Structure formats: C-alpha cells, structure tokens
Amino acid sequence: MASTTGRAQAGLPRPASIRLPGIVLGVGLGGFVDGILLHQLLQWHHMLTSTNHDRIGVKYYDPRTVSGLEMNTLWDGVFHTMCWIAVLLGLAVLHSRVTHNRRAVWTSPVLWGWMLTGWGLFNLAEGLLDHQILGIHHVHGGPHQAWWDAGFLVLGGLFLTGGHLLRRGSRPFAPGTPAEHGEGRRG
C-alpha cells in the first residue's frame, strides 16, 4: 500500500487524523476530572470561589452560604456542560473519521496520547486563565494556593509530555483505511 507521502504526491487525500478528536476528548475528560474531583468530591473550589480576590471584578459568592453555594454550583454546572459538549464533539468527530477498525482505535496508544495531550492543554489553559489571569478560583485556596496552582500547571506540562511520548513510541494509526491499522500517517 502506498505511504502517506506517496498518497499526497499522487494527489490522493490523506487519511483523516485522530489528533483533533483525541485532543477534544482529552480536554472534556480532563475538565470532568477537575470538576468531579476538585469541585465535588474534595470541595476545594468551585468556579467562583475566589472572586473576592479576582482580577476582573466578578461579584463574590461565598460558598459557605446557601445563596453563594447555589451560584457556584450553577457555574460548576455550566463548566460541566462545556466538558460534556467537548466529549460529545470529540466522540462525534472520532466516529466520523474512523471508518474501519473502529474497535482497534480504542487500543491505539496514538489516540490515548492525543487524549493525554488534550488533558494537558486543559490544565494549562484552565490553570493560566482561571487561576492566574482571572483569579476566579484556585486549586486549593489558602496560604499555599500558589503552590497548588503551580502544581496544576506542572501536571498539565507532564500530561503534554506524556501524551507526546506515548504517541511517539506508537505505531501510526490511519483510521480511514481498511488495510492493517498500522499503515498510514501518525494520527
């Protein structure tokens, strides 16, 4: 079978990549882990927990009051809705791109590498935007919140690196070709 380079030179379309759906799935799933673990189970923060010290002037909703917890829970729900939409979108794009060997895609380290990359991108974007730039909440507020926030960013960087290494050490996966799934370009 012709290689991807040969396909491109011959004017044939390149096989669809699983990069985009993997990243979008990783962003959504990373957001769910953040929301479920840090917002709900550990109750370290909600979306507007630190607005009494934010950088944009959002009204403070004290999570220790009923009305404050209601508003924080509402914004946590908005956040979870965005995560849910990202997961659905990632699954839809993945389904549209994987036309053969659909079962094999879930065992492909390439997909899992892209998902880990997406989770890392979520941590970096959320950590920089919400914790640093806007200041609307922190990983774990209090005297050591800067360390918790820095750890969140470091974890995002580790996820990015881990995703890259996982993809790099894997066989390519071409989701749109009926031939052996190892042929074609890297996802």
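Reader: Let's start with helix packing. Which way does α5 pass α6, left-handed or right-handed?

Author: α5 passes α6 in a left-handed crossing, meaning the near helix is turned anticlockwise from the far one by less than a right angle (clockwise would be right-handed). Bear in mind that this is a predicted model, where local features need pLDDT of at least 70, side-chain atom pairs count only at pLDDT 80 or more, and totals for chains, interfaces and linings use all residues. Residues are numbered from 1 along each chain as its sequence is written, and side-chain values use heavy atoms, with hydrogens and water left out.

Reader: OK, and at what angle do the axes of α5 and α6 cross?

Author: Roughly 160°, and the axes come within 7 Å; α6 covers residues 145–168. Axes here are lines fitted to C-alpha atoms, for helices over the stretch in contact, with angles from 0 to 180 degrees between N-to-C directions. α5 and α6 are therefore roughly antiparallel to each other (over 145 degrees; under 35 is roughly parallel, 65 to 115 roughly perpendicular, the rest oblique).

Reader: What about α2 and α5, how do they cross?

Author: Their axes cross at roughly 50° and come within 6 Å, so α2 and α5 are oblique to each other. α2 passes α5 in a right-handed crossing. On the α2 side, the contact (heavy atoms within 4.5 Å) includes R19, I23 and D34, while α5 brings W114, W119 and E126, among others.

Reader: Switching topic: how many helices and strands are there?

Author: Six helices and zero strands. Those are DSSP runs numbered from the N terminus: H or I of at least four residues for helices, E of at least two for strands.

Reader: And which residues make up the largest nonpolar core?

Author: I18, I23, L25, V87, L94, V98, V105, V110, L111, W114 and M115, eleven in all. Such a core is a set of buried Ala, Val, Leu, Ile, Met, Phe, Trp, Tyr and Cys residues joined through side-chain atoms within 4.5 Å. Buried means under 20% relative accessible area, with exposed over 50% and partly exposed in between (1.4 Å probe, protein chains only).

Reader: Which helix gives the largest share of that core?

Author: α5, with four residues. A second, separate core has ten residues, including F79, F122, V139 and F152.

Reader: Last one: how much of the chain counts as buried?

Author: 40% of the 187 residues.
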